[in-house]
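Please go through the sequence and the 3D structure shown here. The briefing that follows is written for a reader new to them and is grouped by topic.

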Protein chains: 2
Amino acid sequence: MKIAILGFGTVGSGVYDIITNSTTSELKNIEVKSVFARSRDKMPLATNDINEILNDKEISLVVECLGGLTPAYEFIKKSLEHKKHVVTANKAVAAKYLDEFVVLAKKNNVKFLFEASVGGGIPWLASLEKAGRVDKINRIYGIFNGTSNYILDNMYRNNQEFDSTLKTPQNLGYAEADPSADIDGDDVVNKIILSNVLGFNIHIFPEFPTYSMRYITKNDIDYLKKYDFAIKYIGETNINDSNYETSVMLTIFSKDSQEAVVPLNNNIITLDGNFIGELKFFGQGAGKFPTGNAIVQDIIDINSNVPRKEITIKNHLVFSKKLTRKNYLLRSKVNLNHDFIESSEQYKENYYLKTKEITLEQLEQLIKSLNQGDNILVAKFH
Amino acid sequence: MKIAILGFGTVGSGVYDIITNSTTSELKNIEVKSVFARSRDKMPLATNDINEILNDKEISLVVECLGGLTPAYEFIKKSLEHKKHVVTANKAVAAKYLDEFVVLAKKNNVKFLFEASVGGGIPWLASLEKAGRVDKINRIYGIFNGTSNYILDNMYRNNQEFDSTLKTPQNLGYAEADPSADIDGDDVVNKIILSNVLGFNIHIFPEFPTYSMRYITKNDIDYLKKYDFAIKYIGETNINDSNYETSVMLTIFSKDSQEAVVPLNNNIITLDGNFIGELKFFGQGAGKFPTGNAIVQDIIDINSNVPRKEITIKNHLVFSKKLTRKNYLLRSKVNLNHDFIESSEQYKENYYLKTKEITLEQLEQLIKSLNQGDNILVAKFH
């Protein structure tokens, strides 16, 4: 099978290196024929003309590693229309246009796979798909973003402030200069949208309750440590027979839970099934070779005719903010009396308000009544 | 596809319940036609005549849930000879007779799968197989036994002695009345032998260094806690280009590692690949529905023609006790001067001897020179 790689940055070059260096029998007959990149100088296979790739009948699979929406959306669409399989690590474009890509892939009798877009090297989406062959999945949750975990882990282990610790992953090159997607939730939202498709056959994106992690302070973490808690940035979906509830927010775990001890920029993602109970998958959620590895696994599935479940988007569940009741923790500059508050404790200059078990809708009401703008810590107890 | 289940205990009845209650499309056309069990009274499909099943041309797959070697070995062999696929959770019979079963399955053009035999509900063997499609695996290690973890977790969290905590899993029914297989290593040995096949294409069983966990005391754990360590019972294999080294022993982890915090009777198993780095898989390593689930996944793979890698036993690696150098911890009633000892500390009535980085062969020499019989703690630092 001959393939083309679009983009020759970190991920694209990782895919190229794995395919050209690995010696497994599954990769023997897979060959990179062309690479879409800015200049032919960078590597001998490079072309900057996408039509060269689209019109090459020998190329039956296109790996999209450009990232972002433009021109990735157009290139994926055209590749599918030219009856080429598409494999991507691009969660933004996959989360946004999945319906369209799925229809287009089916119509042209090719596959659209995106394992690497969630959890990087962790075999998460394929495992979720596989679990669903036997089990009803009721819940998925996890640490989907390595940069946010790097920051929280460093704050927790090394008593750092948010701002100083953010600079390290930026300097190491795996946090963007503009870290908003990582720390304000967009990245996790895209990954949980894609997980919802595989786990629950829903592909809808209302305004999920999404709370940034950028307001957390060293004092918050010190306060939680007093009670043997750690805090992580979590995407989560729960369902019942008619509703689903998705949220992205800081979440408080016992310090000796699997989530609490996840180090550095690793990810851990959990599914909870009727029969299987909780399965957790841990590994590198990003990086040249882990992400490249996940892409290559998709390529092998296509080349070896591994039957992957056809993606069916049913959208039979209705979004709800009333599905679960949880205790939440809010940090406030003022103390507050409110029906939803169970207890309140002053720690240094702040009040930590623990709620009763309330719904996400009630949480939103409570935050509104606090009226403290954005600079507020919002976290749920796991 | 019509199948038969041999044995209607915990696992067999779990398989039956999942197949008859699950509503997924993958299970729609899978039907349990017959159950080999002692009496027809227990359930309507029961027969106590194995030939009824073997000679039934409609039955194309046999699930072996009898456990132990006899009559499991004979029934698996005969089923394969009768051109029926075999799926089993029986690690003892799979580890011992794998070569024979693989040859017989190939000859009769059927499959022999045993996902549930290692890690129970955790999709471990299939994930290891999949990782090997891209990557060279260098190391596997993990908590493969739930009973041993239950004991160590309870000793660690609740300050219990070994003997008192052993009774709980026995009373809960998931530790045997004779717990030797769980705590002296046989169970882990079988599971690591099977993992070695999938990870490294070796199926050899020399006398792996296998140290029981039954000599651990509350004092040992207290001593380790002083240094922020926890201890777990670990099976591990490392390889290089020409050798492999497998061991089963207590292993010391930082208290904030993924292994240290594994609660109750859960398992966690890790693979380390060249490209992917460390992937960890966590879940229920035993039990009716988790193990049943893993068996049903194998059945679906066969029924849906999912291409599973053909098991190739190359035995190209030579067993070595000199592959890795590690620090070990020994508890001794007497202090000892020895070239291999780095430091020694008295704690209550015992001495804790920490070795330099030595090989497993050197460890064996050291233990011999201690000359304290069996009642000695032997652990490695991870």
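In this predicted model, 45 residues of chain A are in contact with 45 residues of chain B, where contact means heavy atoms within 4.5 Å. About 3700 Å² is buried between chain A and chain B, and carbon and sulfur atoms give 56% of that area; buried area is the accessible area (1.4 Å probe) that two parts lose on being put together, summed over both. A:R133, A:V134 and A:F275 supply 20% of the area that chain A buries against chain B, more than any other three residues.

Residues are numbered from 1 along each chain as its sequence is written, and chains are lettered from A and ligands numbered from 1 in the order in which they are written. Because the model is predicted, local features need pLDDT of at least 70 and side-chain atom pairs count only at pLDDT 80 or more, while totals for chains, interfaces and linings use all residues; side-chain values use heavy atoms, with hydrogens and water left out.

**Between the chains**

- Six salt bridges are counted between chain A and chain B, a salt bridge being a side-chain nitrogen of Lys or Arg within 4 Å of a carboxyl oxygen of Asp or Glu.
- One of them links B:D256 with A:R157, with the closest N and O atoms 2.9 Å apart.
- Side chains of opposite charge can pair when their charged atoms come close.
- The count of residue pairs in polar contact between chain A and chain B is 20 (both at pLDDT 80 or more); a polar contact is a pair of N or O atoms within 3.5 Å, where within protein one must be able to donate a hydrogen and the other to accept it, and residues adjacent in sequence count only if both atoms are side-chain atoms.
- On the side of chain A that touches chain B, the elements that give two or more residues are α5 (124-131), β11 (277-284) and α11 (288-303) of chain A; helices (H or I, at least four residues) and strands (E, at least two) are DSSP runs, numbered from the N terminus.
- That side of chain A has 22 nonpolar, 13 polar and ten charged residues, with Ala, Val, Leu, Ile, Met, Phe, Trp, Tyr, Cys and Pro counted as nonpolar, Asp, Glu, Lys and Arg as charged, and the others, Gly among them, as polar.
- β11(A) and strand β11 (residues 277-284) of chain B run antiparallel and are joined by three bridges; two strands pair if DSSP finds at least two bridges between them.
- A:K280 has B:F282 in β11(B) as its bridge partner.

**Salt bridges over all chains**

- Over all chains, the structure holds 58 salt bridges.
- The pair of B:D256 and A:R157 crosses between chains, from the loop between β9 (243-254) and β10 (266-273) of chain B to helix α6 (residues 146-158) of chain A.

**The six-stranded sheet of chain A**

- The strand order in this open sheet is β3-β2-β1-β4-β5-β6 (chain A), with parallel pairing.
- β3 (46-47) and β6 (112-113) of chain A are the edge strands, each pairing on one side only.
- Five bridges pair β1 (residues 2-6) with β2 (residues 31-36) of chain A in the parallel sense, and A:K2 stands opposite A:E31 in β2(A).

**The hairpin of chain B**

- Strands β14 (residues 341-347) and β15 (residues 350-355) of chain B run antiparallel, joined by six bridges.
- B:I341 stands opposite B:T355 in β15(B).
- Two residues lie between β14(B) and β15(B) in this hairpin, and B:K348 in the turn has a positive phi of about 50°.
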